[in-house]
2 protein chains.
Amino acid sequence: MVTETDTTTQPRIPLTKDRVFSAAIKIADQDGLDALTMRHLAEELGVEAMSLYYHVANKEAVLDGIIDAIMGEIEEAAGGFGPKDDNLDWKSALRQRILTARSVMLRHKWAPSVFETRTTISPVAMRYFDALLGIVREGGFSYDLAHHGMHALGSRSLGFTQELFEPENPDKTDAEEATAMMEQMADQLPYMVGMMMEISHDDPDSTIGWCDDDTEFNFALDLILDGLERLRIAS
Amino acid sequence: MVTETDTTTQPRIPLTKDRVFSAAIKIADQDGLDALTMRHLAEELGVEAMSLYYHVANKEAVLDGIIDAIMGEIEEAAGGFGPKDDNLDWKSALRQRILTARSVMLRHKWAPSVFETRTTISPVAMRYFDALLGIVREGGFSYDLAHHGMHALGSRSLGFTQELFEPENPDKTDAEEATAMMEQMADQLPYMVGMMMEISHDDPDSTIGWCDDDTEFNFALDLILDGLERLRIAS
DNA sequence: ACCTGAACACCGTTCAAGT
DNA sequence: ACCTGAACACCGTTCAAGT
């Protein structure tokens, strides 16, 4: 029989790798990546920072772990990485998989930054890429073209693009600052000014530059997929 | 008349922003980005860490400064961002500009990581993008398509791709580790194994995955440029 | 005007020690 | 087996003080 332990107050759930990773993701989701320190992580788990080192080798292992967990979320959202979806053409199948990955990424805005710093590819990520590779391969690609195609997709195969010069909080002063600078340099930036004027004409409250929205993602994705399809046919 | 100062030994070159940025780039080039700390930077300049704060607001300002300097190198390598190069078609002109930027990036392997963390775009970078925009605009693009095209190029417009899961030193154990893991999961990775077998057949000492070499960069670049050209014609 | 010493509030991590 | 206290070697940054 399970008897009540005679510890003082709470039964205290024991620490596990998974609990550590979950807490880490929670912190990053709520307070951003900078808030994810070993000390905060321990605090979130009601434990001393040093206790973490009994379960994980170091902070890198934590980051590896949360990326693996994210890939797990993608697998779950996709209903598994089973090889044959249905009778979709390769392009639709690939886009579907990628947009599923993207839906998970949008829940974890910090994830791209962590992906970039990983040096070893996680097992779940390997299976993810194998599934993508399978889709194009079964779609009639040579391994060589499939390989190039994966590189061409880059981070987009995981559902995100790393935007350059993107302010963290676009509603803040960064955007105004950039706009002010552009106005000051207006004579040196003829085309940017022209573009701004034309686009603001059509859409008064658009701001150029920090717009990695779904429109841009889908535009680039389709551009690459269409290009690959043409190369496949030509080969 | 300029008299000899009565300071003890060396005349001591005074600190300037530019000297700070140059030293910072030198450190990053030689010892990597992690070695770029305010304390090391000061040491490199023969000064105490706190002295730096008289010339720059904080470390972010240093990072902004070295990115500006890198953009300056690109401008120099391109012989200026003058609007009209010659009688090249837009595609050749754009590729040329981008490959020039890439040649500078290859001298500063750490630069992509710093670019990703910038939240404000530097003035020189603005002029760079204006020049790119000018090339496609004069090549017959609408501003709308030009804008989408820039987003589609992403970091490639600056001459680099952020590779996922790229080991820092590919000659080290990371590659072996990844290969070992793949062999262990071979039954779950049918397509990766198939690809490896075929490619290693053609090229015995190739290793899959960490190959963001010029071949992949150019493949993806041309794929996107060709796609944009087709959209331009269709529009 | 330009640089510095001392100090603060943080990091990740080790190691011997507790239960 | 699991957790902790104390400590180490670092960070970026401030502020009053020196010349």
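1. Within this predicted model, the element that gives the most to the surface near DNA strand D is α2(B), with three residues, where near means that a heavy atom of the residue lies within 4 Å of the strand and helices are DSSP runs (H or I, at least four residues). At least two residues each come from α2 (38–44) of chain B and α3 (52–55) of chain A.

2. Phosphate oxygens of DNA strand D lie 2.5 Å from a polar side-chain atom of Ser51(A), 2.6 Å from one of His55(A), and 3.1 Å from a polar backbone atom of Met38(B).

3. Between the chains, 64 residues of chain A are in contact (heavy atoms within 4.5 Å) with 64 residues of chain B. The buried area, meaning accessible area (1.4 Å probe) lost on being put together and summed over both parts, is about 6,000 Å², with 70% from carbon and sulfur atoms. Tyr143(A), Phe165(A) and Tyr191(A) supply 15% of what chain A buries against chain B, more than any other three residues.

4. Local features need pLDDT of at least 70 and side-chain atom pairs pLDDT 80 or more, whereas totals for chains, interfaces and linings use all residues. Residues are numbered from 1 along each chain as its sequence is written, chains are lettered from A and ligands numbered from 1 in the order written, and side-chain values use heavy atoms, without hydrogens and water.

How values were computed: Buried area is the accessible area (1.4 Å probe) that two parts lose on being put together, summed over both. A polar contact is a pair of N or O atoms within 3.5 Å; within protein, one must be able to donate a hydrogen and the other to accept it, and residues adjacent in sequence count only if both atoms are side-chain atoms.
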